[in-house]
Amino acid sequence: MSYALITEEPIDEAAVKAAVESDISGALVMFHGIIRNHDGGQSVNSLDYSHHPQAQEFLEKIIAEEEERTGLKLSAVHRVGPLKIGDAALVAASAAAHRKEAFDAIENLVERIKAEVPIWKKQHFTSGSSEWVGL
């Protein structure tokens, strides 16, 4: 069973990892999307993530589809609400018999999450201005 969650709470990285661990896996790859202090040449203070009410369903569907396509165990949690520099916004994991499969799966999963899950961020810059991304 896949593990997919949209949450306002700090991400439980151990739960993301535990969801994909198994005795048949020789590789476990985790991705951490971290809030950085810059974007597009501007200094960033913080971010606010907003999401569509069905974002969780989109995330669950993507993980299920990618698990079916790859035959691997996958998991992902995306945080929403106010986040500060250094916070994890997205943590995802894949487990496979070999590292290449695990790396390829996590890359595809993260790209699909970014492209298909209706989550938007508002960046707050040190200049006092702000900008929506992903609308």
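Guide: Let us begin with the surface, bearing in mind that this is a predicted model. The chain exposes about 7600 Å², and carbon and sulfur atoms supply 50% of that area.

Visitor: How many of the side chains are positive and how many negative?

Guide: The chain carries 13 positive and 21 negative side chains, and the centres of these two sets lie 4 Å apart.

Visitor: Which secondary-structure elements does the chain have, and in what pattern do they follow one another?

Guide: There are three helices and nine strands, and along the sequence they follow the pattern β-α-β-β-β-α-β-β-β-α-β-β. The radius of gyration is 15 Å, close to the 14 Å that the globule rule gives for 135 residues, so the chain is as compact as a globular protein of that length.

Visitor: What share of contacts joins residues at least 24 apart in sequence?

Guide: Counting contacts between residues at least 6 apart in sequence, 72% join residues at least 24 apart. As for burial, buried residues make up 39% of the 135 residues.

Visitor: Turning to one residue, is R112 buried or exposed?

Guide: R112, which is found in helix α3 (residues 99-116), is buried, because its relative accessible area of 18% falls under the 20% cut-off.

Visitor: Which residues is R112 in contact with, leaving aside its neighbours within four places in sequence?

Guide: With those neighbours set aside, R112 is in contact with I62, E65, E66 and V117. With one of these, E65, the side chain of R112 is joined by a polar contact of 2.5 Å between side chains.

How values were computed. Residues are numbered from 1 along each chain as its sequence is written. This is a predicted model: local features need pLDDT of at least 70, side-chain atom pairs count only at pLDDT 80 or more; totals for chains, interfaces and linings use all residues. Side-chain values use heavy atoms; hydrogens and water are left out. Helices (H or I, at least four residues) and strands (E, at least two) are DSSP runs, numbered from the N terminus. The radius of gyration is taken over C-alpha atoms; the globule rule is 2.2 Å times the number of residues to the power 0.38. Buried means under 20% relative accessible area, exposed over 50%, partly exposed in between (1.4 Å probe, protein chains only). Contact means heavy atoms within 4.5 Å. Accessible areas come from the Shrake-Rupley method with a 1.4 Å probe; for residues, only the protein chains shown count as cover. Lys and Arg count as positive and Asp and Glu as negative; His and the chain ends are not counted. The place of a charge is taken as NZ of Lys, CZ of Arg, CG of Asp or CD of Glu. A polar contact is a pair of N or O atoms within 3.5 Å; within protein, one must be able to donate a hydrogen and the other to accept it, and residues adjacent in sequence count only if both atoms are side-chain atoms.
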